[in-house]
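Please brief me on this protein model, from overall make-up down to single residues. Keep it short and grouped by topic.

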Amino acid sequence: MAGGNDERRILSRRRRGTDRGSTLPVPQRTPLAVTPPTPRTRTAIAVSPHLDDAVFSAGGVLALLARTGWQVQVITCFTATVAAPCPFALSTQLDKGLPADVDYMALRRAEDRAAQRHLGALLPTHLPLPEAPHRGYDSAPRLFQPPHREDTAETDLRLLLGPHLAEADIVLAPQGIGDHVDHVLTARAVAAAAGHARIGWWRDLPYAARTSMPDAGPRDGIAEGTSEVTVDIGTVLAEKSAAVRCYTTQLGFQFGGSERAAAGLSAMARSEAARAGAPYTHGESLRAGPAARQLLKNYAQEATG
Ligand SMILES: [Zn+2]
């Protein structure tokens with residue numbers, strides 16, 4: 001009630017011309033200098049299943065975008081520290097030579113922050129979902145089987161990713177080549193949370209390089225409305241290599257050791273360029289929707305199909 005009386009008093013003073021503001025001289029308007037509008041900063045968000053996938057698979061594209069003024073950020077989905085892991089989950093840490101009392105995921109989150117600096121990306125976002133071995137996928141073969149019906153990770157991810165992806169000009173995400181369940185669920189969640197047109201789907205490395213079908217297509221529903229775009233990453237190969245080498249806990253498993261990482265990465269990039277028939281030596285390929293393809297065209301060679 002008091003507020004209502006105050007509002008009425010103010011309105012009454014204004015009608016009587018007693019409001020102090022009404023007695024001040026009207027300032028002269030000075031013409032505004034005409035400045036050309038500054039172009040809006042473009043934003044790229046890469047959605048990585050694990051703490052390394054985006055850099056392994058699309059680190060070159062991300063470094064190129066950052067170099068030319070884009071705001072680049074990597075969001076990694078499965079990064080939670082889990083207390084008292086099951087024996088299989090713990091074995092994925094012990095087989096990297098890390099004792100059981102080390103916070104394995106904290107180490108990997110720190111590796112990821114260091115890697116993003118080499119790419120010129122913003123500080124990464126780490127979503128608090130647990131990796132598949134903590135969600136009932138309790139053996140190596142089960143990691144590569146279809147998602148369990150009771151696994152809520154896809155729904156959880158859709159909700160968590162939605163606000164992050166809403167304003168992005170381009171969203172990069174895994175095709176799911178190799179069928180790792182976390183990659184498949186990430187791909188499904190991104191497809192649901194972002195329009196297909198602005199998504200560029202990367203070929204999951206090193207799975208795509210290992211598979212017996214190196215040109216294996218993307219997972220169900222991803223290819224719709226997309227075509228392959230191959231990007232020359234030769235000028236940013238050093239940045240990508242430096243970023244990859246930050247994932248020290250993973251290099252033995254993924255590349256056979258840190259000293260082999262740069263050579264392995266370069267070989268994969270050569271293989272990708274050759275597979276796409278590109279006129280340059282080192283490439284990364286994406287299946288891109290129309291809007292994503294348009295934005296990448298400065299960097300890209302388009303393939304047919
Ligand atoms: Zn992964």
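The briefing below moves from the whole chain to strands, then to individual residues.

This is a predicted model: local features need pLDDT of at least 70, side-chain atom pairs count only at pLDDT 80 or more, and totals for chains, interfaces and linings use all residues. Residues are numbered from 1 along each chain as its sequence is written. The protein has 12 helices and 8 strands. Helices (H or I, at least four residues) and strands (E, at least two) are DSSP runs, numbered from the N terminus.

**Overall make-up**

- Of the 305 residues in the protein, 42% are buried.
- A residue is buried if 20 or more other C-beta atoms lie within 10 Å of its own, exposed if 12 or fewer, and partly exposed in between; the C-beta atoms are placed from the backbone.
- Among contacts with a separation of 6 or more, 81% link residues 24 or more positions apart.
- Two residues are in contact if their C-beta atoms, placed from the backbone, lie within 7 Å.

- Gly 283, Ser 285 and Arg 287 point one way from β7. Glu 284, Leu 286 and Ala 288 point the other way.
- Strand β6 (residues 227-232) runs antiparallel to β7, joined by 6 bridges. Two strands pair if DSSP finds at least two bridges between them.
- Within this pairing, Val 231 stands opposite Glu 284.
- Strand β5 (residues 199-202) also runs antiparallel to β7, with 3 bridges.
- Here Gly 200 has Ala 288 as its bridge partner.

- Strands β4 and β5 run parallel and are joined by 4 bridges.
- Pro 174 stands opposite Trp 202 of β5.
- The chain passes from β4 through α7 to β5 in a right-handed β-α-β crossover. Right-handed means that, with the strands pointing away from the viewer, the path from the first strand over the helix to the second runs clockwise.

**Ser 227 in β6**

- Ser 227 lies in strand β6.
- Ser 227 counts as partly exposed because it has 15 C-beta neighbours inside 10 Å.
- Ser 227 and Leu 286 are 59 residues apart along the chain, and their C-alpha atoms are separated by 8.1 Å.

- Ala 66 sits in helix α3 (residues 53-67).
- Ala 66 is buried because it has 20 C-beta neighbours inside 10 Å.
- Setting aside residues up to four places away in sequence, Ala 66 touches Val 72, Leu 119, Gly 120 and Ala 121.
- Ala 66 and Leu 122 are 56 residues apart along the chain, with 9.2 Å between their C-alpha atoms.
- Leu 122 lies in the loop between α5 (104-119) and β3 (125-126).
- Leu 122 has 15 other C-beta atoms within 10 Å, so this residue is partly exposed.
- Leu 122 touches Gln 71, Val 72 and Gln 73, again not counting residues up to four places away in sequence.
- From Leu 122 to Gln 73 is 49 residues in sequence and 5.2 Å in space, C-alpha to C-alpha.

**Backbone features in loops**

- A cis peptide bond joins Leu 205 and Pro 206, with omega about 5°.
- Pro 206 is in the loop between β5 and α8 (207-210).
- Ala 84 has phi near 50°, a positive value in a residue other than glycine.
- The loop between β2 (71-76) and α4 (87-94) holds Ala 84.
- Ala 84 is exposed because it has 6 other C-beta atoms within 10 Å.
- Asp 179 is another residue other than glycine with positive phi, near 65°.
- The loop between β4 (170-174) and α7 (181-193) holds Asp 179.
- Asp 179 has 16 C-beta neighbours inside 10 Å, so this residue counts as partly exposed.
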